[in-house]
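Hi,

Here is the structure I promised to pass on. Have a look at it first, and then read on for what turned up.

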Amino acid sequence: STVGIMANGRGDHKRAEEVQLQLVNEVRDAGEPTEMALALYNLGNTYLEDDRPEEAIEVLCQAADGCCYHELDELMPIVYTNLGIALHRADEHDSAFQMLKIARDCFQNQRNTPGEAYVCDTLAQLHHSADNRDEAEKSWRYALKLYDRITNPAMSDMAELGKTDIESKLDQFGYSSNG
C-alpha cells in the first residue's frame, strides 16, 4: 500500500512493516496473485531498508515463487533483483549473483534496457564489493553500452543520469578511463 511505501521512504520501518503485513494478510485472504506478489515485494523492500536481509529473503522468495507460478513477468525481474541484493547482504554471494543474473536475463528478454542496465550496475557494485575488479568493470562498461542504446526521448534524462552515475563509479573506484 502507498502508506507502507511512504512510511518506509521516511525511514519509519516499524510503521511500514505493520501496514504491509496487514496488507499481505488481506491480499492472501482475497487470493489475488499479482497483489500478493506486490505486497510481498514491498514488505521485502522494507526489510532491506531496515537492514534485515534474512526476513527480506524470506518474503522476496515468496514473491518470486508467486511471480513464477502466476507468470507475473513484469514484476519478476525486480523481485529477483532485490532478492539478489538481500542474499548478498546475508553473505550468500553465489545465490545473490545467480538471482541477479536471472533478473538481468528477464529484463533482457523483455527488451527492458533500463532495467537490464540497472541490474548490471547492481552486479558491478556487488563484484566491486567482493574485490572482483575485472567483473565489476565489465558489468559497468556493459551497463554504459545499454544506456547508450536508449534512444527514446522520454527516457533520455534517465539514460544520462545512469551513464553519469556509472562513469562516476568507474572514476571513484579507480577503473581505467578507457573502455
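Lys138 and Glu135 sit three residues apart in helix H8 (residues 133-149), which means about one helical turn separates them. (Helices here are DSSP runs of H or I with at least four residues, strands are runs of E with at least two, and both are numbered from the N terminus.) The two side chains form a salt bridge, with the closest N and O atoms 3.8 Å apart; the term stands for a side-chain nitrogen of Lys or Arg within 4 Å of a carboxyl oxygen of Asp or Glu. Lys138 is exposed at 53% relative accessible area, while Glu135 is partly exposed at 27%. The cut-offs are under 20% relative accessible area for buried and over 50% for exposed, with partly exposed in between (1.4 Å probe, protein chains only).

Before the rest, a word on the source: this is a predicted model, where local features need pLDDT of at least 70 and side-chain atom pairs count only at pLDDT 80 or more, while totals for chains, interfaces and linings use all residues. Residues are numbered from 1 along each chain as its sequence is written, and side-chain values use heavy atoms, with hydrogens and water left out.

Back to the charges. The whole structure has ten salt bridges. One of them joins Arg52 to Glu17, with the closest N and O atoms 3.1 Å apart. Arg52 is in the loop between helix H3 (33-49) and helix H4 (53-69) and Glu17 is in helix H2 (residues 13-30), so this pair ties together parts that are 35 residues apart in sequence. Glu17 is buried, at 17% relative accessible area. Arg52 also meets Asp50 in a salt bridge, again with 3.1 Å from N to O, and Asp50 is partly exposed at 29%.

What about disulfides, meaning pairs of cysteine sulfur atoms within 2.5 Å? The search found zero in the whole structure. For Cys68, the closest cysteine sulfur is that of Cys67, and at 6.9 Å it is too far for a bond. For Cys120, the closest is in Cys106, 13 Å away and again too far. Cys68 is partly exposed at 39% relative accessibility, whereas Cys120 is buried at 3%.

Now the largest pocket, which has a volume of about 240 Å³. On a 1 Å grid over the protein atoms alone, a pocket is an open set of points where a 1.4 Å probe fits, with protein on both sides within 12 Å along at least five of seven lines; lining residues have an atom within 4 Å of a point. Grid points are joined across faces, edges and corners, and the volume is the space filled by probe spheres set on the points.

H3, helix H5 (76-89) and H7 each supply at least two lining residues, and H7 gives the largest share, with five. Among the lining residues are Asn45, His88, Tyr118 and Thr122. By class the lining has four nonpolar, five polar and three charged residues (Ala, Val, Leu, Ile, Met, Phe, Trp, Tyr, Cys and Pro count as nonpolar, Asp, Glu, Lys and Arg as charged, and the others, Gly among them, as polar).

Thr122 belongs to helix H7 (residues 113-129) and is buried at 6% relative accessible area. Leaving aside neighbours within four places in sequence, Thr122 is in contact (heavy atoms within 4.5 Å) with Ile85 and Leu100. Ile85 is also part of the pocket lining.

Cheers

Terms used. Disulfide = S-S within 2.5 Å.
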